[in-house]
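Please find below a colleague's note on the model. The points are numbered and can be read against the structure.

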Amino acid sequence: MKGGAVNDRVQLLAGRAGIPYVGGKKVRAPSLRAVPNTDMIAAGVPLRERNRRGRWAEGSTTADTVYDRTVNGPEDDPLSQVPLGGFDSTA
């Protein structure tokens, strides 16, 4: 699947879940990458290790400048509102 198709699917599912925007920003495929990074920040994982796990370049600050969503509350996590069993087809 191409990147654009992944992004389209994420936006479609976020819209269906009723959360097309989080913190004033449209939910996109990169939003899914931010969640693990934010969790690692909360757990005190150093930037160097987050760069390794996120496959960012050594010394990069992208994990802190682009993928840090700690300013959002837990209720803003786009994945927290997605039903675990999928979407109810009767809705």
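1. Among contacts in the protein between residues at least 6 apart in sequence, what percentage join residues at least 24 apart? The share is 39%, where contact means heavy atoms within 4.5 Å.

2. This is a predicted model, in which local features need pLDDT of at least 70 and side-chain atom pairs count only at pLDDT 80 or more, while totals for chains, interfaces and linings use all residues. Residues are numbered from 1 along each chain as its sequence is written, and side-chain values use heavy atoms, leaving out hydrogens and water.

3. The protein has four helices and two strands, in the order α-β-β-α-α-α from the N terminus. Helices (H or I, at least four residues) and strands (E, at least two) are DSSP runs, numbered from the N terminus.

4. Of the 91 residues, 24% count as buried, that is, under 20% relative accessible area with a 1.4 Å probe, protein chains only.

5. Helix H2 (residues 29-42) has Ser-31, Ala-34, Val-35, Asn-37, Thr-38 and Met-40 as its buried residues. These pack against strand E2 (25-26), helix H3 (47-54) and helix H4 (62-65). After H2 comes Gly-44, with a positive phi near 80°.

6. The axes of H2 and H3 lie 10 Å apart, at an angle of about 155°; axes are lines fitted to C-alpha atoms over the stretch in contact, and angles run from 0 to 180 degrees between N-to-C directions. H2 is therefore roughly antiparallel to H3 (angles over 145 degrees). The contact involves Arg-33, Asn-37, Met-40 and Ile-41 of H2 with Arg-50, Arg-53 and Gly-54 of H3.

Methods: Buried means under 20% relative accessible area, exposed over 50%, partly exposed in between (1.4 Å probe, protein chains only). Angles under 35 degrees count as roughly parallel, over 145 as roughly antiparallel, 65 to 115 as roughly perpendicular and the rest as oblique.
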